[in-house]
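The following account leads the reader through a predicted model.

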Amino acid sequence: MTSIHSAVSAAGLAKRFGARPVLRGLDLELGWGSVLTLFGPNGAGKTTLLRTLAGLTRPSGGALHIAGVDAGRRRADVRHLVGVVMHQTFLYDDLTVAENLRFYARMYGLGASGGSRAAEVAEALGLGGVMNARVRTISNGMQKRAALARAVIHRPPLLLLDEPETGLDQDAMAALESLLAQHREGGGSAIVTTHGVEQGLRVGDRAAILHGGRVVYDGPADASEADTFRRIYAEHTGGEL
Amino acid sequence: MTVRMSLLGLSGGLMLAALGMTFLYAPTDAVLGISQRIFYVHVPLALVGFLAFAVVAVCSIGYLWKGSERMDNVAYAAAEIGVLFTSLMLITGMLWAKPAWGVWWSLSPQLTTSLILWFLYVAYLMLRAYAPPGETAARYAAVLGIIGFIDVPIVYMAARWWRDLHPNKVLGPLAEESALEPSMQITFLVSILAFTALFAWLLAERTELRRQETQLERMRYTYGQA
Amino acid sequence: MDERRAHPGASWWSAVLAVLWKDLLLESRTREIVTPIVVFSLLVIVIFSFVLDPNPRMVEAVAPGALWVAFTFAGMLGLNRTFALEKERGGMEGLLLSPVGRDALYAGKMLGAFLFMLLVEAIMLPAFSVVFNLPLLEPGLWLTIGLATFGFATVGAAFSAMAVNTRAREILLPVLFFPVAAPVIIAAAEATRAIYAGDAFADYGNWIGLIAAFDVIFAVVAAATFEFIVSE
């Protein structure tokens with residue numbers, strides 16, 4: 001999954017909705033084997049950035065490459081490279097967890113191996129007990145885990161997680177952290193948005209701050225420097241974490 | 001600016017000429033009498049309305065192809081003017097139908113097609129109003145602009161097989177040989193030119209206005225809030 | 001075609017079938033499309049039987065129109081649900097993230113809508129035939145219904161995907177759908193009239209041809225433009 005190209009390379013990336021600019025010339029480089037935590041106030045463009053990286057929205061300007069593929073022009077060719085978790089689960093309430101996972105496994109072209117791959121990710125995320133329950137009937141924490149399982153079913157080299165801690169309990173958070181660590185060791189990369197400083201600095205090896213549609217700070221993440229990071233954040237955004 | 005001014009002058013001049021010829025030059029129809037003169041307004045409105053929808057379709061394809069905002073502005077403007085012209089065409093048609101056929105409305109192929117066409121592009125304007133603003137509305141409208149225009153000949157076929165009591169068209173593939181006297185033909189042609197020029201002028205004005213609206217909106221974000 | 005091969009995800013047909021299978025499975029669980037629409041449509045038929053004169057000449061004149069009014073209203077309700085169910089947990093985005101062609105997503109959703117409408121019609125038609133004492137075992141009628149319903153699904157699925165993101169979506173879908181589907185409704189009602197009158201296929205074949213042409217044209221146009229409907 002690693003290559004000479006960086007995982008993400010954005011230069012002057014812009015996105016407008018109608019006349020409203022959300023991303024205003026954003027620059028970002030992310031190599032392989034790295035987890036970037038993205039902080040920023042609401043409305044800074046975090047979700048829009050992830051949606052653009054995921055190929056859900058077309059950039060209005062600038063250049064964006066994912067694993068060397070032009071993600072602005074050839075969005076179809078980056079879809080299998082990314083795994084996405086957003087606020088919504090992307091699961092069907094009236095299908096069981098197993099059915100949901102099998103459906104997405106088919107969509108990602110896993111074919112006959114889809115069933116065993118679904119069982120494998122479910123096992124890793126502690127979903128074994130609820131595989132045959134309808135999504136509607138399981139707890140929010142379990143739904144969130146199932147959403148995560150859905151996102152990684154096709155072994156994407158780039159993970160995009162939008163505030164994944166929302167709705168996750170302690171155990172699930174631990175499962176997510178170990179999944180991210182494994183992912184990184186395997187050479188994969190991830191971008192995680194969050195509001196939790198300690199958590200964010202722990203899972204990431206880099207931390208960036210997004211403000212007004214631009215990356216205003218980008219540096220190494222160190223969980224022991226949370227207070228320093230809070231100060232930096234306040235300097236750049238005028239807000240508090 | 002100069003282009004729009006000259007289009008205004010051209011359509012104004014042609015419109016006056018068409019009006020004069022309609023009432024002073026063209027002879028009164030032997031069968032239909034004075035009411036036939038509405039023909040010089042009604043049919044050009046229909047033809048130019050249809051031209052407007054063709055412009056919508058072409059610019060919709062152009063917009064989806066190139067993503068150029070200008071194409072979208074032209075498509076939107078053409079749809080508005082097309083609906084205006086088609087509405088006037090339906091009204092003048094009814095005004096003419098009453099003295100000519102004794103009824104306001106009939107389910108002839110042309111009338112049915114025109115009415116469905118009118119609904120199609122009213123739906124187009126509604127879609128633009130109700131869709132999320134910006135690119136989404138533009139993309140949705142472009143898809144409808146293409147689907148709608150492809151639909152028109154199918155609607156016409158269906159309506160034609162369905163009922164056929166409308167007088168034949170005087171132009172185009174279904175034209176009857178020398179249906180009109182030469183003086184009537186000349187008046188008709190001048191009238192078509194006048195309405196086409198009017199359409200071109202309105203289109204240029206409306207497109208420019210849309211461009212300015214978008215620009216103003218952008219400036220509001222750049223210099224205003226945020 | 002190249003575009004299709006370029007996708008590393010599911011092949012075109014397996015993506016279509018996966019989407020279709022998912023919709024059928026969901027519907028078999030919830031029955032929130034077919035059951036309420038069947039009840040609604042039976043009500044429509046009963047109301048027609050109240051308001052229309054039961055005199056056989058009258059029935060012959062208005063029954064084909066009534067049948068297609070009932071079918072289009074039922075179809076509209078089903079089409080409204082087609083993409084509404086995708087919005088609930090962001091399922092539409094789940095589909096859009098999948099590495100398959102947008103035309104495959106369209107085809108899967110469209111075939112699902114087609115099958116649901118067909119199922120509802122398969123229940124309505126016998127009820128209609130009984131209430132108005134009309135023949136049911138008419139292969140020509142079944143052909144007309146199948147082709148016209150497919151035509152409804154082609155444009156209906158595309159408009160449903162748009163309407164679901166708009167304000168006033170329940171009302172906007174019929175406003176978009178009826179003018180475009182008008183030729184199919186006219187042709188289907190006319191073919192049905194001919195069939196009920198006992199005419200030979202040659203007498204209504206042109207209507208069938210018109211519906212078939214509509215189906216082919218709009219299946220292709222809607223599949224080709226679907227990408228512009230769903231991608232921001």
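What percentage of the 226 residues of chain B count as buried? The share is 45%. The fold to which this value belongs contains six helices and zero strands, and chain B accordingly reads α-α-α-α-α-α along the sequence. The C-alpha trace of chain B spans about 70 × 40 × 25 Å along its principal axes. Among contacts in chain B with a separation of 6 or more, 77% are made by residues 24 or more positions apart. The accessible surface of chain B amounts to about 11,200 Å², and carbon and sulfur atoms hold 70% of that surface. As for charge, chain B carries 15 positive and 14 negative side chains, with the centres of the two sets 5 Å apart.

The size of an interface is often given as the accessible area lost when the parts come together. Between chain C and chain A the buried area is about 3,100 Å², of which carbon and sulfur atoms give 56%. On the side of chain C, Arg89(C), Leu97(C) and Glu232(C) lose the most area to chain A, and together they account for 28% of what that side buries. The contact involves 37 residues of chain C and 32 residues of chain A. Two salt bridges are found across this interface. The side chains of Glu93(C) and Arg51(A) form a salt bridge with an N to O distance of 2.4 Å.

Between chain C and chain B the buried area is about 2,600 Å², and here carbon and sulfur atoms give 80%.

The buried residues include Val97(A), Glu99(A), Asn100(A), Phe103(A) and Tyr104(A). Their cover comes in part from chain A, including helix H3 (114–124) and helix H4 (140–152). Chain C also contributes, with helix H2 (12–30), helix H5 (91–97) and helix H6 (102–132) among the covering elements. After H2(A) comes Gly109(A), which has a positive phi near 70 degrees.

Two single residues illustrate different surroundings. Apart from residues up to four places away in sequence, Thr154(C) touches Tyr106(C), Met110(C), Phe214(C), Asp215(C), Phe218(C), Ala219(C) and Ala222(C). Arg202(A), found in helix H6 (residues 197–203) of chain A, is partly exposed, with a relative accessible area of 46%. Leaving aside neighbours within four places in sequence, Arg202(A) is in contact with Glu177(A) and Ala223(A). Glu177(A) is 25 residues away along the chain, and its C-alpha atom lies 8.8 Å from that of Arg202(A).

The charged pairs complete the picture, with 30 salt bridges counted over all chains. In one of them, Arg4(B) pairs with Glu205(B), the closest N and O atoms being 3.3 Å apart. Arg4(B) belongs to helix H1 (residues 2–25) and Glu205(B) to helix H6 (residues 182–223) of chain B, so the pair ties together parts 201 residues apart in sequence. Arg4(B) is buried at 17% relative accessible area, whereas Glu205(B) is partly exposed at 30%.

In chain C, the side chains of Lys22(C) and Glu86(C) meet in a salt bridge of 2.5 Å, N to O. This pair links helix H2 with helix H4 (residues 56–87) of chain C across 64 residues. Lys22(C) is buried at 0% relative accessibility, and Glu86(C) is buried at 0%.

A network of salt bridges links Glu80(B), Arg206(B), Arg210(B) and Glu213(B). Within this group, Arg206(B) and Glu213(B) form a salt bridge with their closest N and O atoms 4.0 Å apart. Glu213(B) counts as partly exposed, at 38% relative accessibility.

Key. Residues numbered from 1 in each chain as written. Chains lettered and ligands numbered in written order. Heavy atoms only, no water. Helix = DSSP H or I, 4+ residues; strand = E, 2+ residues; numbered from the N terminus. Buried < 20%, exposed > 50% of the residue type's maximum accessible area, 1.4 Å probe, protein only. Contact = heavy atoms within 4.5 Å. Areas by Shrake-Rupley, 256 points an atom, 1.4 Å probe, with all protein chains shown as cover. Lys, Arg positive; Asp, Glu negative; His and termini not counted. Charge placed at Lys NZ, Arg CZ, Asp CG, Glu CD. Buried area = accessible area lost by both parts, 1.4 Å probe.
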